[in-house]
Amino acid sequence: MSEIKSVAVVGASGALGPHVLKALLDANFQVTVLTRSKKEGAYDANVKIIEVDFTSVESLTAALKGIDAVVSTVAAQASQVQTVIIDAAIAAGVKRFIPSDPMFKIKQYLQEKADAGQLTWTVLVCGAFLEFLFGGPLLLDFVNHKATLYDEGDNRLSSTSLPNIGKAIAGILKNFEDTKNRIVRTSEVILTQNKLVRIAEGIRPDIKWETTKVQASAVLKEGLGEISAGDFSMPVILKVLAGTALGGDSYGSAYDETDNELLGVKELSEEELKILVAQTLG
Ligand SMILES: NC(=O)c1ccc[n+]([C@@H]2O[C@H](COP(=O)([O-])OP(=O)(O)OC[C@H]3O[C@@H](n4cnc5c(N)ncnc54)[C@H](OP(=O)(O)O)[C@@H]3O)[C@@H](O)[C@H]2O)c1
């Protein structure tokens, strides 16, 4: 039996947030959204919306009174506001905090608070968003039938769809004890670029894929060098992302051990993956 009944979501208007919101409502949690500014008609009628000042512990503490758990899906660039939210969560008596934490920086702050017995945390590792991989050219350029293969094209990458990430979050809160103060992992499918090319060729033998090769470590080195020189532009960020995401298992981009069963996440079958590739090919 879950100890969690009421959940506050921060960052609910973004790319991931609406899916988390839906999964929490589907799992019958009472949901409150904390936002910088209300967007009329943007949320389900069952959701309570509170406008907060994310720089004020007082504003956040008042909003979090009576809340059992906080799920944060804030934008990566706003990640640091989470320390203020965590302080407020502790003041309000929140039991569990699930951060937006791609770099595992907030986890350290949460661990200190957990060590002091002030609240518990869970970090969800979910791999790359499946929708981003199939909606953009990182793995394959499905529109122009081109692929830039990283190394030999066999580097593995774990991936989960946005609805299943939402489901995994609800699964964490339904399994309060089993997910306490630890990293949990979900992954719907492990992809490689070559695997996708093979599937695409099987579906559409008429399409000839134009492939080139790059060394993942060289792309990463170049991106990191540009960042050190002060260039934080999107193409540079993408080089670092691609160099690590497609850099092989050494960067933790792919993992075989998951908590899918505990969290209630179903893996994608080969057939379902083929359908997804076919739909993307159009
Ligand atoms: N694994 C992957 O492939 C992948 C891909 C993309 C993102 N991510 C990660 O997933 C998480 C969520 O990403 P996302 O793309 O859904 O985020 P997003 O759409 O960019 O932003 C989410 C929400 O954050 C809130 N926000 C933005 N700036 C804020 C600020 N200064 N203070 C407080 N709140 C602020 C906004 O909500 P309000 O306007 O309602 O306040 C916004 O709708 C991030 O950790 C990101 O790094 C992972």
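Glutamate 188 is buried (under 20% relative accessible area, where over 50% is exposed and values in between are partly exposed, with a 1.4 Å probe and protein chains only), yet glutamate 188 has no salt bridge, the nearest side chain of opposite charge being that of lysine 266, 7.5 Å away. A salt bridge here requires a side-chain nitrogen of Lys or Arg within 4 Å of a carboxyl oxygen of Asp or Glu, and for charge Lys and Arg count as positive and Asp and Glu as negative, while His and the chain ends are not counted. The model is a predicted one, in which local features need pLDDT of at least 70 and side-chain atom pairs count only at pLDDT 80 or more, whereas totals for chains, interfaces and linings use all residues. Residues are numbered from 1 along each chain as its sequence is written, and side-chain values use heavy atoms, with hydrogens and water left out.

Glutamate 188 lies in the loop between β10 (182-185) and β11 (189-191), where helices (H or I, at least four residues) and strands (E, at least two) are DSSP runs numbered from the N terminus. The side chain of glutamate 188 reaches the backbone nitrogen of serine 161 at 2.7 Å, and a polar contact of 3.1 Å joins this side chain to that of asparagine 164. A polar contact is a pair of N or O atoms within 3.5 Å; within protein, one must be able to donate a hydrogen and the other to accept it, and residues adjacent in sequence count only if both atoms are side-chain atoms. Leaving aside residues up to four places away in sequence, glutamate 188 touches (heavy atoms within 4.5 Å) residues including Leu130, Ser161, Asn164 and Lys266.

Another salt bridge, between glutamate 270 and lysine 195 (3.1 Å, N to O), connects helix α11 with helix α7 across 75 residues of the chain.

Helix α7 (residues 193-203) has as its buried residues Gln193, Asn194, Leu196, Val197, Ile199 and Ala200. These buried residues pack against α5 (130-135), β8 (146-150), β11 and α11 (270-281).

The ligand is surrounded by 21 residues, of which the closest are Ser13, Leu16, Thr35, Ser100 and Phe129, a residue being near if one of its heavy atoms lies within 4 Å. Oxygen atoms of the ligand lie 3.0 Å from a polar side-chain atom of arginine 36 and 2.8 Å from a backbone N or O atom of phenylalanine 129.
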